[in-house]
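Subject: Structure for you to look at

Hello,

Please find the structure below. My notes on what was found in it follow.

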Amino acid sequence: MPHEIGGEYHLDDFPCRDVDPWPARRSFFASGRAALGALCRRWIETHSHARLWLPDYFCPEVVSSLCSRNIRVAFYTDNPQRAGPELSHLYVLPGDMVLAVNYFGVRSGDQWSAWRESTPSVALIEDHTHDPQSLWARSSRADFAFASLRKTLPLPDGAIAWSPRELSLPEAAPDGPPIGSSLKLAAMLYKRRYLDSGEIPTSLKETFLELQKRGEQILPEPNNEAISQRALSSGTGAQRRCRQAAVHFLACRPLPVQCRLCI
Ligand SMILES: Cc1ncc(COP(=O)(O)O)c(C=O)c1O
């Protein structure tokens, strides 16, 4: 099998061990940014002046996508090399939203829980993309939480949103044909074939990279909100932890500050 480091998933079977159920009340979306955008949209319906506070270490494509959805953003200091966020940089006004990121799934969430209790007029949204099954994710008391499932599961698309405080959840707007997801699924199939072929270099690699690139351009567009049927049927029945891998990665290699967070 060719030796590949990182990159996007190939098509794979789901391991069925170490499984916890998803929250009973949840909404599925095509991508993490679609889930976050929809949660913000729901909050803004009743808080029209709300800004979304983001950590300054966050995927720039996701920030652009939020801006293209007309969400006003502001930044506070946080990154994976810190023990926790710099809450004194959070100049929130009543009705604002704050995104807390559990970088690599290794934080406890205690600092954010205490902050939320002392700041009840603000919506706390947690991003559990890096470990949707962490203890923090499962015991959260945030207003809303979401995770991009396509980052930790071999799915062509997919994200989940839930409300630990049982607030009303948005639904994904119905889409047209899931073209971005289909391209990404084709890329995953080609990558599987490439890995099985044992050949390096091979045109299969160029094919999966091209499909992958085109799918990734289309999938995050604002009009692609709904999870695909394929991701829904395969991704919601089984889950797997990637926590050990993330902890190991962090322990071995401190991240450069300028490193972009798109795993
Ligand atoms: C921490 C984190 N949150 C959210 C996202 C957005 O997920 P998606 O690419 O599915 O929109 C990403 C990935 O880009 C991420 O790394």
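**The sheet**

Strands β6 and β7 run antiparallel to one another and are joined by four bridges. Strands and helices here are DSSP runs numbered from the N terminus, a strand (E) having at least two residues and a helix (H or I) at least four. Two strands are said to pair if DSSP finds at least two bridges between them. Within this pairing, F146 has A161 of β7 as its bridge partner.

Before going further: this is a predicted model, in which local features need pLDDT of at least 70, side-chain atom pairs count only at pLDDT 80 or more, and totals for chains, interfaces and linings use all residues. Residues are numbered from 1 along each chain as its sequence is written.

Strand β7 (residues 159-162) also pairs with β1, again in the antiparallel sense and over four bridges.

The whole sheet is open and has seven strands, in the order β1-β7-β6-β5-β4-β2-β3, with mixed pairing. Its edge strands, β1 (26-29) and β3 (73-76), each pair on one side only. From one strand to the next the twist averages 25°.

Helix α1 (residues 32-44) lies across β1, β2 (52-55), β4 (97-101), β5 (123-127), β6 (144-148) and β7, and runs at about 160° to β6. For such angles, axes are lines fitted to C-alpha atoms, for helices over the stretch in contact, and the angle runs from 0 to 180 degrees between N-to-C directions.

**The ligand**

There are 17 residues around the ligand, of which S31, G32, R33, T129 and S148 come nearest. A residue is near a molecule or strand if its C-beta atom, placed from the backbone, lies within 6 Å of it. The shell divides into eight nonpolar, five polar and four charged residues. Ala, Val, Leu, Ile, Met, Phe, Trp, Tyr, Cys and Pro count as nonpolar, Asp, Glu, Lys and Arg as charged, and the others, Gly among them, as polar.

**Single residues**

N70 sits in the loop between α2 (60-68) and β3, and counts as exposed because it has 11 C-beta neighbours inside 10 Å. F104 is in the loop between β4 and α3 (110-118), and counts as buried because it has 21 such neighbours inside 10 Å.

I218 belongs to helix α6 (residues 203-218). It is partly exposed, with 16 other C-beta atoms within 10 Å.

**Confidence**

The protein chain averages a pLDDT of 84, and 83% of the residues score at least 70. pLDDT is the predictor's confidence in each residue, from 0 to 100. Over residues 238-263 the pLDDT is below 50. Where pLDDT is low, the predicted coordinates should not be read in detail.

Regards

Key
Two residues are in contact if their C-beta atoms, placed from the backbone, lie within 7 Å. A residue is buried if 20 or more other C-beta atoms lie within 10 Å of its own, exposed if 12 or fewer, and partly exposed in between; C-beta atoms are placed from the backbone.
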